[in-house]
Amino acid sequence: LSQAASEIESQLDEGEALAAASLRVTQTPQREFDRQLGEAADSVGLNLTLEVTGLVYQQEDIDAAAALVLAEQFPTGAEAIPGSLAWTLTSTEPTSPDTLLVRARQRSYRPVSIPMVTRAVRGKRPLDAAAGLATVPGQAEPAQMIMTPAWWPIVPWLDVRIRVQAPWEQR
């Protein structure tokens with residue numbers, strides 16, 4: 001089956017993948033021995049042709065289906081962290097060979113109110129602004145504040161000068 005898998009994989013388009021666990025021999029159209037039945041020999045050669053079927057899937061289809069199912073499991077108000085979706089193909093269903101079993105995971109977060117964050121820090125000295133950030137509800141982990149330039153004595157008064165980013169956006 002490994003030779004069949006290699007041949008099938010060489011014919012796939014970009015974004016397609018073969019579920020190797022789904023490979024099944026469906027027919028044996030040719031089976032020829034190099035010796036006749038009853039003929040004495042030290043060895044026997046076999047020329048065998050197999051018809052093999054397997055499942056090929058679009059990786060983006062699995063991504064979309066996994067994201068949809070996982071989004072239903074998120075707590076109310078939570079959103080998916082971009083780029084955190086990961087899945088593995090675990091096997092095929094033994095009783096239904098045309099069904100793939102997928103294990104997926106994705107991280108989520110609860111968005112905080114941007115206006116509430118800017119009000120908590122606007123016009124304050126950095127230490128006071130950091131203390132104000134701690135009062136903003138809905139944070140899964142303590143917020144961090146980065147001043148640019150670092151020597152600036154106060155957080156700007158204008159909301160347009162204050163940028164709020166999630167940790168995964170700071171890369």
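## Contacts and overall form

This is a predicted model, and in the protein chain, among contacts with a separation of 6 or more, 58% are between residues 24 or more positions apart. The chain contains four helices and six strands, and when they are read from the N terminus on, their order is α-β-β-α-β-β-β-β-α-α.

The radius of gyration of the protein chain is 29 Å, whereas a compact globule of 171 residues would have one near 16 Å. In keeping with the topic of overall extent, the C-alpha trace spans about 100 × 35 × 25 Å along its principal axes.

## Surface and charge

Of the 171 residues in the protein chain, 18% are buried. The chain exposes about 12800 Å², and carbon and sulfur atoms supply 52% of that area.

Among the side chains of the protein chain, 14 are positive and 21 are negative, and the centres of these two sets lie 21 Å apart.

## The nonpolar cores

The largest nonpolar core has nine residues in all, namely Val-117, Ala-120, Val-121, Ala-129, Leu-133, Val-136, Met-147, Val-155 and Ile-162. Two elements, helix 3 (114–121) and helix 4 (126–133), each give two or more residues to this core, and helix 3 gives the most, with three residues.

Thr-118 counts as buried because its relative accessible area is 4%, and buried means under 20%. Not counting residues up to four places away in sequence, Thr-118 touches Asp-159, Ile-162 and Val-164.

Where does Ala-80 lie? Ala-80 has its place in strand 3, which covers residues 79–80. Once residues up to four places away in sequence are set aside, Ala-80 touches Phe-74, Gln-106, Arg-107, Ser-108 and Tyr-109. Ala-80 and Ala-41 are 39 residues apart in sequence, and their C-alpha atoms are 67 Å apart in space.

Gln-58 lies in strand 2, which covers residues 46–58. With a relative accessibility of 28%, Gln-58 counts as partly exposed. Which residues does Gln-58 touch, not counting those up to four places away in sequence? They are Gly-15 and Glu-16. From C-alpha to C-alpha, Gln-58 and Gln-139 are 37 Å apart in space, and they are 81 residues apart in sequence.

## A cis peptide bond

Most peptide bonds are trans. Thr-148 and Pro-149, however, are joined by a cis peptide bond, with omega at about -5°. Pro-149 has its place in the segment after helix 4.

How values were computed: Residues numbered from 1 in each chain as written. Predicted model: local features only at pLDDT ≥ 70, side-chain atom pairs only at ≥ 80, totals over all residues. Heavy atoms only, no water. Rg over C-alpha atoms; globule rule 2.2 N^0.38 Å. Buried < 20%, exposed > 50% of the residue type's maximum accessible area, 1.4 Å probe, protein only. Contact = heavy atoms within 4.5 Å. Areas by Shrake-Rupley, 256 points an atom, 1.4 Å probe, with all protein chains shown as cover. Lys, Arg positive; Asp, Glu negative; His and termini not counted. Charge placed at Lys NZ, Arg CZ, Asp CG, Glu CD. Core = buried A, V, L, I, M, F, W, Y, C linked by side-chain atoms within 4.5 Å.
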